[in-house]
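Here is a briefing on one protein chain. Look over the sequence and the model first, then read on.

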Amino acid sequence: MATSLTATVGPSVTMLVEGRYVSQAEPRGVTAALARRGVRVRTVVAEDAVADVADPTTILGRDAGPHPVVCPRGRSLALLATLRALEAQGVHVIHRAATIDTVVDKVGMSARLTEAGVPTPRTWLGHPSRLSRRPDLAYPLLLKPVRGDNSRGIAVVDDAAQLRGLQWPEQVALAQPFHRGDAHDLKVYVAGPHVWAVRRRSPIHPDGTPTGATEPGVQVPVTAAARALAERCRAVFGLTLFGIDCVTDSSGDLLVVDVNEFPNYRGISGDVDEMLAEVVLGVLPAEVQQAGAEPFEAELVGLPEQVPA
Ligand SMILES: Nc1ncnc2c1ncn2[C@@H]1O[C@H](COP(=O)(O)OP(=O)(O)O)[C@@H](O)[C@H]1O
Ligand SMILES: [Mg+2]
């Protein structure tokens, strides 16, 4: 990989990415937008990198210059640990590891939402066999892994007998009343000052089975209620780039079921990538945000430095 050893004068951005996201719409879109602006931008796959925790340039590259920004995309152990090391060195980050942690653990997330008065389903934590003994649970009940994502491992049961018989591969499950709503999610996406909303078919069918839905959904106007939820989640979690998944309860009101750091912003028309680039550079003081006039040839993936043999 060609790495210029001439230090960058303007901002430089390191996309610190969990491997499974490398070829997704994000981080690719924002990376290309930054490069078009002449920002020196590099993608580092956290699981493939070797970091000297005392030397941020082992991740950022020696040409990162005096104004490096790290934009994490993912939540793997490698990514979060690397991010913590970079934070400790005073590098500007879009999200801190501790901030990402608050939404990766869905129980902690739900507790924070409840505590802040954000509408969210009543949430229980326990192994299904223990939960099934409680007489006060509302069925149908939806169970999800505490650290789930992409609808992994979600199950819906109709009564205590089904709950008792449910094979659950983890220590505990997060359990919530299953709000069937209209079988659609309202996905609210936020990037700094920008807020968008997309109505997308739920990955869970009203009968509790996976829908396998892959379509991006339909962009819809951001209602005052959706905007208010997004702003409250921003305040609760301190995220800059995030999405919230909302379902509707039986009265038609929105409930927040999930908060995700740096999503793919799927289903939004307009130049989201340019807006993301602006938000990423916006963590720097205004006087150092200006990049060179020439587009940068975005370095894709890999170790920023040669590993000594
Ligand atoms: N309590 C709930 N009631 C109804 N649907 C839910 C509930 N919780 C989750 N879902 C549905 O399941 C989908 C996946 O759940 P979510 O909490 O977003 O986890 P993840 O996306 O991390 O797997 C949501 O987008 C929503 O459609
Ligand atoms: Mg979700």
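Strand β13 is mostly covered: 8 of its 8 residues are buried. Here a residue is buried if 20 or more other C-beta atoms lie within 10 Å of its own, exposed if 12 or fewer, and partly exposed in between, with C-beta atoms placed from the backbone. Helices (H or I, at least four residues) and strands (E, at least two) are DSSP runs, numbered from the N terminus. This is a predicted model: local features need pLDDT of at least 70, side-chain atom pairs count only at pLDDT 80 or more, and totals for chains, interfaces and linings use all residues. Residues are numbered from 1 along each chain as its sequence is written, while chains are lettered from A and ligands numbered from 1 in the order in which they are written.

- β13 pairs with β12 in the antiparallel sense over 7 bridges. Two strands pair if DSSP finds at least two bridges between them.
- Isoleucine 244 stands opposite valine 259 of β13.
- The hairpin has 5 residues between its strands, and there glycine 252 takes a positive phi near 85°.

**Helix α8**

- Helix α8 covers residues 224-237 and has 14 residues. Its end C-alpha atoms are 20 Å apart, which agrees with the 20 Å that it should span at 1.5 Å a residue. The expected span is 1.5 Å times one less than the number of residues.
- Ala226, Leu229, Ala230, Cys233 and Phe237 are the buried residues of α8. They cover an arc of only 100° around the axis, which puts them on the same side of α8. The arc is that of the directions from the helix axis to the C-beta atoms.
- An α-helix has 3.6 residues a turn, so residues three or four places apart point the same way.
- Exposed residues Ala224, Ala228, Glu231 and Ala235 sit on the face of α8 turned away from the buried side.
- The buried residues of α8 pack against α4 (97-104), β9 (184-191), β10 (194-201), β12 (241-248) and β13 (254-261). Two residues are in contact if their C-beta atoms, placed from the backbone, lie within 7 Å.

**Leucine 113**

- Leucine 113 lies in helix α5, residues 106-115.
- Leucine 113 is buried, with 24 other C-beta atoms within 10 Å.
- Not counting residues up to four places away in sequence, leucine 113 touches Val118, Thr120, Val236 and Val256.
- Leucine 113 and valine 256 are 143 residues apart along the chain, yet their C-alpha atoms are separated by 8.3 Å.

**Domains**

- The chain is divided into domain 1 (12-94 + 271-288), domain 2 (105-120 + 180-261) and domain 3 (124-177). These bounds come from an automatic or database domain assignment.
- The C-alpha centres of domain 2 and domain 3 lie 21 Å apart.
- At their contact, 7 residues of domain 2 meet 10 residues of domain 3.
- Glutamine 171 is in the loop between α7 (160-165) and β8 (173-177). With 9 C-beta neighbours inside 10 Å, glutamine 171 counts as exposed.
- Glutamine 171 and arginine 84 are 87 residues apart in sequence and 27 Å apart in space, C-alpha to C-alpha.

**The parallel sheet**

- An open sheet of 4 strands runs in the order β2-β1-β3-β4, with parallel pairing. Its edge strands are β2 and β4 (92-93), and each pairs on one side only.
- β3 and β4 pair in the parallel sense over 2 bridges. Valine 70 has valine 93 of β4 as its bridge partner.
- Helix α3 (residues 77-88) lies across β1, β3 and β4, running at about 160° to β3. Axes are lines fitted to C-alpha atoms, for helices over the stretch in contact, and angles run from 0 to 180 degrees between N-to-C directions.

- Helix α1 (residues 25-36) has 12 residues and reaches 16 Å from its first C-alpha to its last, close to the 16 Å expected at 1.5 Å a residue.
- The buried residues of α1 include Val30, Ala33 and Leu34. Among the elements that cover the buried residues of α1 are β1 (12-17), β2 (40-45), β3 (68-73) and α9 (272-281).
- Glycine 38 follows α1, and its phi is positive, near 90°.
- Tyrosine 21 lies in the loop between β1 and α1. Tyrosine 21 is buried, with 20 other C-beta atoms within 10 Å.
- Tyrosine 21 touches Pro27, Arg73 and Gly74, leaving out residues up to four places away in sequence.
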